[in-house]
Amino acid sequence: MVRCTKEDALETRSSILDAAVDVFHSHGVSQTSLADIATAAGVTRGAIYWHFKNKSDLFDAMCERVRLPLEAMIESSADENAQDPLGHFRSWCLHALQEALHNPLSRKVFEIVMHKCEFVDPQDPILIRQRECFLQGRQNIERVLRLAVVKEQLPRKLDPAMAAIMVHAMLFGVLDHWLFSPDSFDLETQSGRVVDTCIHMLQTAPSLQKE
């Protein structure tokens with residue numbers, strides 16, 4: 001009997017995740033079964049259940065491969081020892097947009113999350129997890145903005161909660177529109193202006209300041 005090494009197991013897990021990206025992207029999440037992914041990966045369903053509890057667990061692991069590096073960047077911006085949180089935040093925003101532009105894996109995962117998920121059951125574990133990640137992302141942005149206020153990079157009277165809502169909506173709205181219609185505008189050349197517009201809004205908009 002051939003024993004499966006740790007390296008073999010990691011390779012199989014990676015192959016399953018790669019196949020999940022391709023199948024979810026081609027057929028949508030709700031129309032994809034674990035059997036479909038197993039066939040695409042060239043493994044048995046048992047192999048999938050060895051690595052993942054269910055489709056929701058697999059979906060979350062697929063997203064984590066893209067999400068974790070981005071979260072690490074934004075969390076480093078919110079480090080209390082950071083001297084330039086707003087500058088780090090700008091770099092994070094640009095990196096996220098550049099990932100969609102130049103990283104095929106990230107772009108596919110972004111497209112799956114934004115355009116290939118059909119949520120009809122409010123108790124769907126995938127929906128619940130996506131909502132948790134959505135809110136966590138906004139909270140991370142708010143932490144960075146609060147730190148930028150402390151560092152006097154943003155107005156003292158800025159409302160960080162409202163500002164985080166607006167920045168989150170603007171950045172993800174731009175990404176969503178570009179993924180839906182890439183030819184409608186040139187994200188490659190406009191990404192810097194998009195991010196700088198967000199920052200200018202934070203610095204100058206009276207409506208984002210507390211009364």
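This is a predicted model: local features need pLDDT of at least 70, side-chain atom pairs count only at pLDDT 80 or more; totals for chains, interfaces and linings use all residues.

Trainee: What makes up the secondary structure here?

Mentor: Nine helices and zero strands. Reading from the N terminus, the elements go α-α-α-α-α-α-α-α-α.

Trainee: Okay, pick a residue. Why is His168 called buried?

Mentor: Buried means under 20% relative accessible area. His168 has 5%, so it's buried. His168 sits in helix α8.

Trainee: Which residues is His168 in contact with, leaving aside its neighbours within four places in sequence?

Mentor: Phe134, Gly137, Arg138 and Ile141. Contact here is heavy atoms within 4.5 Å.

Trainee: And why is Met162 called partly exposed?

Mentor: Partly exposed falls between the 20% cut-off for buried and the 50% cut-off for exposed. Met162 comes in at 36%, so it gets the in-between label. Met162 also belongs to helix α8, which covers residues 160-180.

Trainee: What makes the nonpolar surface patch with Met162 in it?

Mentor: Met162, Ile165 and Met166 make it, at about 220 Å². A patch residue needs over 30% relative accessible area, and Met162 has 36%.

Trainee: How much of the whole protein is buried?

Mentor: Of the 211 residues, 41% are buried. The protein exposes about 12,000 Å², with carbon and sulfur atoms supplying 53% of that.

Trainee: How far apart are the mean positions of the positive and negative charges?

Mentor: They're 3 Å apart, for 22 positive and 29 negative charges.

Notes:
Residues are numbered from 1 along each chain as its sequence is written. Side-chain values use heavy atoms; hydrogens and water are left out. Patches are made of residues with over 30% relative accessible area and no salt bridge: like charges are joined within 9 Å, nonpolar side chains (Val, Leu, Ile, Met, Phe, Trp, Tyr) within 5 Å. Accessible areas come from the Shrake-Rupley method with a 1.4 Å probe; for residues, only the protein chains shown count as cover. A salt bridge is a side-chain nitrogen of Lys or Arg within 4 Å of a carboxyl oxygen of Asp or Glu. Helices (H or I, at least four residues) and strands (E, at least two) are DSSP runs, numbered from the N terminus. Buried means under 20% relative accessible area, exposed over 50%, partly exposed in between (1.4 Å probe, protein chains only). Lys and Arg count as positive and Asp and Glu as negative; His and the chain ends are not counted. The place of a charge is taken as NZ of Lys, CZ of Arg, CG of Asp or CD of Glu.
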